[in-house]
Amino acid sequence: MRDQAPVMEVHHLSKHFGGVRALKDVQLELRAGEIHALLGENGAGKSTLIKIMTGFYQPDEGQLVFEGQTVHFGNTRDAQLAGIVAIYQEPSLFPDLDIAENIFVGRQPVQRGRVAWRQMYRAAAELLQQLGVALDPRTKARELSVAQQQMVEIARAISIKAKVLIMDEPTSSLTQNEVAELFAIVRQLRTTGTAIVFISHRLEELFALVDRVTVLRDGAYVATQEMEHVTTSDLIQMMVGRTLNELFPKQAVVPGPVVLQVEQLGVPGSFADISFTLRQGEIVGMAGLIGAGRTAVARTLFGIDPAVSGTIKLDGHAVSITSPQVAMALGIGYVPEDRKQQGLVLAMSIANNISLPVLSQLSSGGWLNTRREQQLAATGAQQLEVKMAGVRQQVGQLSGGNQQKVVLAKWLGTNPRVLVLDEPTRGIDVGTKAAVHRLMSSLAAQGMAILMISSELPEVLGMSDRVLVMREGRITAEFTRVEATQAKIMAAATAA
Amino acid sequence: MTKPIGSAATTQQPAYSARDTLARLLVRWEWLLVVLIIAVAVLNTRLSPFFLRTNNLLRTTSDFMEIGIMMLPMVFIIVTGNIDLSIASTLGLSASFMGWLHIMGVNIWLAATAALLVGALAGLLNGVLIARLRLPALVVTLGTFSFYRGLAYALLGDQAARGYPPAFTSLGQGTLGRTRIPVALLIFVLLALAFGLVLNRMTFGRYLYVIGNNEEASRFSGVPTVRIKIAMYVLSGLMAALAGLILAARFGSTRPDIGTGLELTVITVTVLGGISIFGGSGTMIGAILALLLIGILRFGMGLVNIQGQVQDIVIGSLLILSILLPRLAGQLSAIRSWRGATLGKIGLALLVTVLFGWFFFWSRTLIPAK
């Protein structure tokens with residue numbers, strides 16, 4: 001694999017947006033048949049770099065060299081024709097087309113002016129078989145899981161004989177098993193000589209997969225290293241420019257009285273027979289595969305899909321949570337998993353977002369008090385160290401990590417007694433992740449009861465006082481912090 | 001239509017800076033409307049000596065007050081990304097109901113109050129179907145558009161209700177005391193102030209923008225979306241009924257076809273005012289400016305004998321421009337230098353004004369003046 005001529009090189013690349021520098025003098029070298037990790041905190045310039053490599057943006061300075069030739073991609077199509085393909089976190093398939101149509105969209109095999117359907121389905125089936133994916137090429141894309149959609153995108157990349165395949169956080173919404181399958185396929189692609197750029201915030205998974213790593217920080221190139229010569233802490237240090245001692249700093253807290261008691265909660269079609277307790281000062285982790293019903297439980301606790309059976313008790317009193325307004329009045333906050341769709345109004349300001357749940361408390365007689373609103377937002381944003389130009393800045397302009405901080409500030413502003421966090425650190429950089437974990441820990445120390453849904457096992461193990469595991473709409477296991485191990489949780493989460 | 005499931009690749013917000021906000025402030029849609037209003041006013045003054053007479057200007061406002069009154073809640077509705085096609089039919093139903101009661105010998109003020117109630121109920125039905133049962137606003141109000149108008153015909157049939165007392169007709173024809181200010185204008189100004197304040201200064205207005213931008217997130221933030229949407233449709237029905245009373249008072253009679261087609265004018269004005277049809281943005285000032293623009297445009301064209309059909313052509317093209325321009329301006333923003341983008345936008349605004357003026361002149365030749 002080593003000492004090969006590079007397939008693609010990036011030299012002295014710079015890019016500005018308005019007055020803001022996104023990339024400065026960045027370099028990257030990709031060899032045929034290597035898996036190359038691109039690392040950096042959110043806002044470090046990874047997205048901009050790959051968007052330049054795929055022709056979405058044009059660089060201000062610097063050049064792209066592809067197979068020894070300097071190239072200029074005017075648009076994404078140019079790059080794709082050259083053999084550079086990107087797969088994003090959220091697959092972008094056409095939901096109403098089937099797998100084969102998605103693979104060959106815009107490039108359907110044609111015979112005598114008509115689409116050769118049979119040939120297309122046969123080719124699609126072969127591609128899927130080659131990837132070891134048991135899917136019917138006639139399945140509509142909307143029926144596929146995220147992981148399966150990614151497989152279709154990979155099949156598509158293979159079918160256009162991609163020489164460079166860029167994968168932007170492909171694992172962030174996959175379960176552990178799906179990640180393993182994906183890795184197998186990526187390794188197989190490597191043997192065919194494809195250069196693969198792999199972006200992920202889950203550092204631990206990279207060591208099993210990656211050959212070399214390039215780190216960016218604040219839009220600038222930091223270093224390129226052989227993966228076998230670096231450790232996790234080396235990588236973190238390169239990314240944040242300082243050493244983070246511990247990623248999961250859960251303080252030991254003696255839990256107080258039971259705040260939330262859930263008994264035999266059920267919503268037909270989603271989950272059944274859910275019983276657990278949550279004490280003051282406690283962080284309870286909820287592990288399980290995607291689709292196990294964890295988010296559905298959270299939605300019921302927050303009144304979005306009210307419970308059909310069972311009881312919810314707060315401080316020993318049975319309560320009926322019929323809407324988010326009721327849940328909020330009872331002191332329950334919910335940080336949803338989908339930040340962009342459910343957590344934030346991207347087009348509105350930071351202040352508008354943070355104040356939203358408490359807007360009526362901030363106003364008198366229905367009249368807005370913008371001064372109090374700005375104060376609340378400024379305090380909240382400061383407490384969470386949101387990097388921003390001011391509270392009037394649009395939330396959509398912030399990086400993912402900072403957006404997540406705004407969501408947290410929004411819910412802390414409601415002074416909840418019970419806080420449900422759904423994937424609180426998905427897709428955010430290590431620095432912000434550590435900050436979120438520190439915050440959770442100190443909130444618990446102050447007596448808040450926290451239910452944390454997470455698909456990241458190290459996070460569940462590191463942050464939780466107790467761990468609940470869900471599978472197919474039921475709680476299948478409960479462990480104390482001491483008992484819990486990765487293996488036990490996985491066993492309870494999968495049908496073992 | 002098929003859309004890609006995710007759009008991670010296509011959206012990248014431009015970086016934030018104080019300069020951007022300044023630029024955005026300078027090239028706001030509302031300013032373009034002001035420029036157009038001034039341009040039309042200047043043109044009108046040159047074309048007709050009668051244009052600038054206070055009497056004429058004040059009298060012409062009464063032709064637009066019903067539209068204006070219905071536009072106020074329409075701004076709310078479109079800001080949330082919804083629509084109400086039934087307003088003119090609600091207007092017809094309410095006015096016909098009042099006329100029917102009048103024929104039955106009911107006191108006119110009692111009948112008018114009942115008509116307002118009917119309007120509010122008509123809006124409530126729309127609101128419940130759309131917000132509570134989550135049916136699409138376009139279809140629901142298209143249904144009630146026919147339904148309410150049909151009820152109006154059922155009430156009055158071929159006859160017209162006539163003979164309203166002068167105290168009532170002064171609502172549409174009268175002026176304020178000894179001044180020349182029409183009563184309807186005063187009602188509109190007060191309502192516009194109230195609606196503007198609600199939209200800008202009250203939690204209700206903020207919720208409207210939030211719902212228009214991201215209804216799911218607003219639900220996840222504890223915003224009572226259902227109640228707000230119902231309230232907004234009730235307001236719409238109520239204002240349509242009020243517009244119906246004023247229109248009936250102005251005509252001095254009610255026929256069941258009263259106000260037919262006005263819903264489209266109201267939507268035109270609202271969208272021209274910069275209220276995004278996709279919801280989430282737009283200002284009350286913009287809508288009021290658009291009303292003013294359409295008003296003086298129609299009045300000016302009428303003064304120089306431009307026929308109604310040609311007026312429609314002018315206003316139609318103006319509407320298309322109003323949605324085309326922001327898109328062009330958005331593409332100009334992609335120009336890297338701030339100054340370039342701003343100059344580009346100002347240039348675009350000037351070009352449009354000149355083109356529009358030329359079109360305005362040329363439109364007179366379409367149908368020869370008498």
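Trainee: Into which domains is chain A divided?

Mentor: This is a predicted model, in which local features need pLDDT of at least 70 and side-chain atom pairs count only at pLDDT 80 or more, while totals for chains, interfaces and linings use all residues. Residues are numbered from 1 along each chain as its sequence is written, and chains are lettered from A and ligands numbered from 1 in the order in which they are written. With bounds that come from an automatic or database domain assignment, chain A falls into domain 1 (6–93 + 144–240) and domain 2 (258–493).

Trainee: How many residues does the contact take from domain 1 of chain A and from domain 2 of chain A?

Mentor: The C-alpha centres of the two domains of chain A lie 32 Å apart. Two residues are in contact if their C-beta atoms, placed from the backbone, lie within 7 Å, and the contact takes 15 residues from domain 1 of chain A and 16 residues from domain 2 of chain A.

Trainee: Is strand β9 of chain A largely enclosed or open?

Mentor: A residue is buried if 20 or more other C-beta atoms, placed from the backbone, lie within 10 Å of its own, and strands are DSSP runs (E, at least two residues), numbered from the N terminus. On one side of β9(A), A:Val164, A:Ile166 and A:Asp168 are buried, as are A:Leu165 and A:Met167 on the other. Because five of the five residues of strand β9 (residues 164–168) of chain A are buried, this strand is largely enclosed by the rest of the structure.

Trainee: Which residue in β9(A) is the bridge partner of A:Ile87?

Mentor: Two strands pair if DSSP finds at least two bridges between them, and four bridges join strand β6 (residues 84–87) of chain A to β9(A) in parallel. In β9(A), the partner of A:Ile87 is A:Met167.

Definitions and conventions:
A residue is buried if 20 or more other C-beta atoms lie within 10 Å of its own, exposed if 12 or fewer, and partly exposed in between; C-beta atoms are placed from the backbone.
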